[in-house]
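Here are a few notes to read alongside the picture. Have it open and follow along point by point.

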Amino acid sequence: MRTALVLLRHEVRLVASIWLWAIRRRHGLGDGTGFGYARGQGTMMLGFGFVIVIESITMSVLLRNYPAVQRGWFMVDMYTLVIIIGMHAASVVRPHVLDAGFLRIRRAAHVDLSIPLEKIAHVRRELRTTHERADGELNLPIGAQTTVTLELAEPVAHFTFLGRRRDVRLVRFHADEYDSLVQALVPAVKQARTAPSALPDLPV
């Protein structure tokens with residue numbers, strides 16, 4: 001039941017993302033600065049969509065003597081096409097966000113990780129095209145590549161698509177304008193790590 005609810009919530013987010021994309025709005029930006037990451041996957045998503053359209057036309061012709069099966073196949077193809085469009089739309093309207101105090105790293109509608117700036121130990125531009133799963137690491141490639149690497153001073157909790165908790169100390173992700181992101185992030189991290197902590201209230 002929980003898995004079904006997670007899948008339903010994800011699909012609702014994808015449909016909402018298509019609407020936001022159509023009206024040229026972005027989600028969760030607030031007062032922060034958004035950094036996109038969808039450019040590297042646009043051609044691939046367009047290719048997937050084209051294949052689905054061609055498949056739908058072909059199967060409609062092949063199944064013309066079986067109208068019930070033809071309608072069922074058509075509905076499955078249209079559902080798949082909506083999911084593909086929704087995935088790309090979610091990647092466009094849900095950018096990474098650098099705001100006062102945190103960096104919000106996202107991928108479409110299924111990854112949303114907020115990292116307090118004071119927990120970031122090192123930031124570097126790093127192009128990687130291969131990623132192996134390792135404990136304490138989170139890799140979020142787009143188009144099979146990541147361009148920014150964060151090393152954390154202490155672990156942060158990341159929850160997988162189905163809600164399983166993972167503590168991560170190293171995060172790799174992709175940003176289209178990774179130079180601009182790193183240039184904005186480095187001074188923000190330095191400021192957050194050197195800011196004086198609030199003094200505790202003393203008894204009167």
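**Notes on the sheet and the helices**

1. Start with the open sheet: its 4 strands run in the order 5-7-8-6, with mixed pairing. Strands (E, at least two residues) and helices (H or I, at least four) are DSSP runs numbered from the N terminus, and two strands pair if DSSP finds at least two bridges between them. At the edges sit strand 5 (120-128) and strand 6 (137-140), each pairing on one side only.

2. A word on what you're looking at: this is a predicted model, where local features need pLDDT of at least 70, side-chain atom pairs count only at pLDDT 80 or more, and totals for chains, interfaces and linings use all residues. Residues are numbered from 1 along each chain as its sequence is written, and side-chain values use heavy atoms, leaving out hydrogens and water.

3. Now find strand 8 (residues 165-173), which pairs with strand 6 in the parallel sense over 4 bridges. In that strand, Val-171 stands opposite Leu-138.

4. Helix 4 (residues 178-194) packs on the sheet and touches strand 5, strand 7 (146-159) and strand 8; contact means heavy atoms within 4.5 Å. The direction of helix 4 makes about 170 degrees with that of strand 5 (angles run from 0 to 180 degrees between N-to-C directions, and axes are lines fitted to C-alpha atoms, for helices over the stretch in contact).

5. Last, the axes of helix 1 (residues 2-22) and helix 3 (residues 67-93) come within 7 Å and cross at roughly 65 degrees. So helix 1 is roughly perpendicular to helix 3 (that label covers 65 to 115 degrees).

Methods
Angles under 35 degrees count as roughly parallel, over 145 as roughly antiparallel, 65 to 115 as roughly perpendicular and the rest as oblique.
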